[in-house]
Amino acid sequence: MFITCYNDTLFPATGKAVVRVLERLGHTVEFPAGQTCCGQMHWNTGYQAEALPLLTRFVEQFRGAEAVVVPSSSCVAMMRDHYPKMAEEIGDVKLKAEVAELLPKVFEFSEFLTKRLGLEDVGAYYPHRVTYHASCHGLRNLGLGDGPQRLLRAVRGIDLVEIAGLEQCCGFGGTFAVKNAEVSSAMLAEKTNAILNTKAEACTACDNSCLMHIHGALHRQRTGIQTVHLAEILAGE
Amino acid sequence: MSGTALDPRTAPTFPMAAKTMMGDTQLRKNVRHATDVIQAKRARVVDEMPDWQELRESGKQIRQHTMEHLDFYLEEFESNCTKAGGVVHWAKDAEEARRIIVALVKAAGATEVIKIKSMTTEEIQLNSALEAAGIHPYETDLAELIIQLGHDQPSHIVVPALHKNRQQIREIFQREMNLPELGETPQDLADAARQFLREKFLRVTTGVSGANFLIAETGGVCIVESEGNGRMCLTLPETLITVAGIDKVVPRFEDLEVLLQLLPRSATGERMNPYNSIWTGVNPPDGPREFHVVLMDNARTEILGDAEGRQTLNCIRCGACQNACPVYRQTGGHAYGSVYAGPIGAILTPQLQEMHHAQSLPYASSLCGACYEVCPVKINIPEVLIHLRNKVVKQNGMLNAEALAMRAMGMIFRSESRFRAAQRMGRMAEAPLVRKDGRGEGWIGWLPGLLGGWTQVRDLQAMPEETFREWWEKRESKEVASGN
Ligand code: SF4
């Protein structure tokens, strides 16, 4: 498992849930200790030179893995969309080959379940009213489609309600949320209104980054609505 | 918005301008409504096309191929247009283009011109140059007329008056056309504009247009429009002057088969434009007797020289990315400080300024990818945005607060032990800011400095007691101890 830097630091519960689900399905999870960050923040903010060494680090940590499962669509999108080009830029032929070999084995968590394992029902129980937020990177860059919703529909006890404007960005966008705080807040307000309209108890997604941003506003507004990563719902028993 | 032209060289930064624009509730309502309507229309006519993705790919191939051989196709266009009786002029920048056009209008002995909607003439601020030379330009496109009469600026490349609603348009017409009794149905407004313009069409003998496409193979120029006013400007005047960026050329007549399917469906959600005009040079018994084309570079060759930024020039100005953009939806077009707003503006404007101005625009995006998804020629706008961010960072050097923080983070991520130390330090540093909420969870409601943007409308949950890796290591050592 590649947990990613912010999940490791801020959302350990998500990592534990991934381990729980995968082990319940009979898989062995390994956690290479030297892993840190995929480089997305640097790359997307324009600090390309700072991102390059993180590619090399990722390859060193995960070479030889049967599959690399990542509970963050935006980090997987970063790797898929930019690692080949980054390897090109570093100009190391061996690294390029390794990236080409490793990338097809990298999966976002829900994608690993639906596409690699071909599963929908992972034996979860979660008796709550939930709405699903499709993060932009999962939706557009990874093409997750309705995979996450299919996993959720198979959860026992769940009451899954659809949100209006599913394809509309929540306004997080990494450093965008700070650099363009006003615009980001206005986008977020549209999203939280849509969530409130679903009357859900919790909002879920494949990205804790969007959820941290959404939860921040839901908490500020004292709505009582929680956010929870998809893995944590699928780990429910 | 005042009558001051949108000029990226003097415009405030995007976050500042956005803040101002977002204070205008009426404008935001208008923009949301208009973009929702156009998007829904677009979706309907795109979804009915079984081969839309193939069409997009062909569109991309055509544009990419053209850009790779731009010099060749431009010369081919020049020679064919000249053969057909047109006169081709070359302008290296906006200044030269304005000079050529003003001189041509003067040579025709005109003091007035009628204009077809053209973003290129907006890009070079042609109207103010004409006025300074004592020539009065009349905009004939309904939306451009609204902008001109309202002393306003365009906020969208296809629907320049998208930020105005019908009531506001009626007020402008009542005031500027002196029609206090004017009604507010679309028909009333269209009739008023028709009355107002008809007389200009018949009187003014010089027309100025932009171009959607220049056809190298034939030397022809193509313009598509919805109202028919363009057709009037192209046929009634004695002298017609077209100004186009050198990126507007396409190799063959046949290429329009693809592009004229992609453009109207993406732009206005129509299967075909009501008026499609293609003219080639001059034709003595009919139409203008003199035809000039001004081919303008204005930083386009510079963009062409940048392998990663180059795809920006593939744009066919459909505006679909603007309608789809969640940022544009909140701010409208004026916040971008350029006639090119929205995602295309965020990548085109800084490059047209050769990265000397508009450096905040590449950051005016959450990188959600909605623009790339709708772009009919598959311009990977998020990729270009990131590329331009990198250029901005390189320009700004590594000695500012953000760069230093980024460098420090880079150092941290390059070492496992530094990463662990940073995780521990983060917990210590945030401790004074954390407050418990009703559920006993720790939250932060205020952050200092650059990060303060976050806590304007959001709280931040405190860091958990234990990172994932700490939990994992404990678990592993327990397993070892229990002999598992
Ligand atoms: S970038 Fe693409 S979507 Fe945007 S205006 Fe140009 S062609 Fe249309």
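A: To begin with a term, a salt bridge is a side-chain nitrogen of Lys or Arg within 4 Å of a carboxyl oxygen of Asp or Glu. Across the interface of chain A and chain B, that rule finds eleven salt bridges.

Q: Before we go on, what should I know about the model and the numbering?
A: This is a predicted model, in which local features need pLDDT of at least 70 and side-chain atom pairs count only at pLDDT 80 or more, whereas totals for chains, interfaces and linings use all residues. Residues are numbered from 1 along each chain as its sequence is written, chains are lettered from A and ligands numbered from 1 in the order in which they are written, and side-chain values use heavy atoms, with hydrogens and water left out.

Q: OK, how many salt bridges are there over all chains?
A: A search of the whole structure gives 48 salt bridges. One pair is B:D459 with A:R220, whose side chains meet at 2.7 Å, N to O. B:D459 sits in the loop between helix 21 (452-455) and strand 13 of chain B, while A:R220 belongs to helix 12 (residues 208-220) of chain A, so this pair joins two chains. Helices (H or I, at least four residues) and strands (E, at least two) are DSSP runs, numbered from the N terminus.

Q: And what does A:E182 form a salt bridge with?
A: The partner of A:E182 is B:K19, and the closest N and O atoms of the two are 3.8 Å apart.

Q: How many residues of chain A and chain B are in contact?
A: Taking contact as heavy atoms within 4.5 Å, 64 residues of chain A touch 66 residues of chain B. The area buried between the two chains, meaning the accessible area (1.4 Å probe) that two parts lose on being put together, summed over both, is about 5800 Å², and carbon and sulfur atoms give 58% of that. On the chain A side, A:Y47, A:E182 and A:R220 supply 11% of the area buried against chain B, more than any other three residues.

Q: Switching topic, which domains is chain A divided into?
A: Chain A has domain 1 (5-116) and domain 2 (129-234), with bounds that come from an automatic or database domain assignment. Their C-alpha centres lie 22 Å apart, and the contact takes 27 residues from domain 1 of chain A and 22 residues from domain 2 of chain A. About 1800 Å² is buried between these two domains, 62% of it from carbon and sulfur atoms, and in domain 1 of chain A the residues A:S73, A:S110 and A:T114 lose the most area to domain 2, together 22% of what that side buries. The count of salt bridges between these two domains is zero.

Q: How far apart are the C-alpha centres of the domains of chain B?
A: Chain B is divided into domain 1 (14-301) and domain 2 (401-482), and the C-alpha centres of these two lie 53 Å apart.

Q: In what order do the strands of the three-stranded sheet in chain B run?
A: The order in this open sheet is 11-12-13, with antiparallel pairing, where two strands pair if DSSP finds at least two bridges between them. Strand 11 (434-436) and strand 13 (460-461) stand at the edges with a single partner strand each, so one side of each is left without a neighbour in the sheet. Strand 11 and strand 12 (residues 442-444) of chain B pair over three bridges, and B:R435 stands opposite B:W443 in strand 12.
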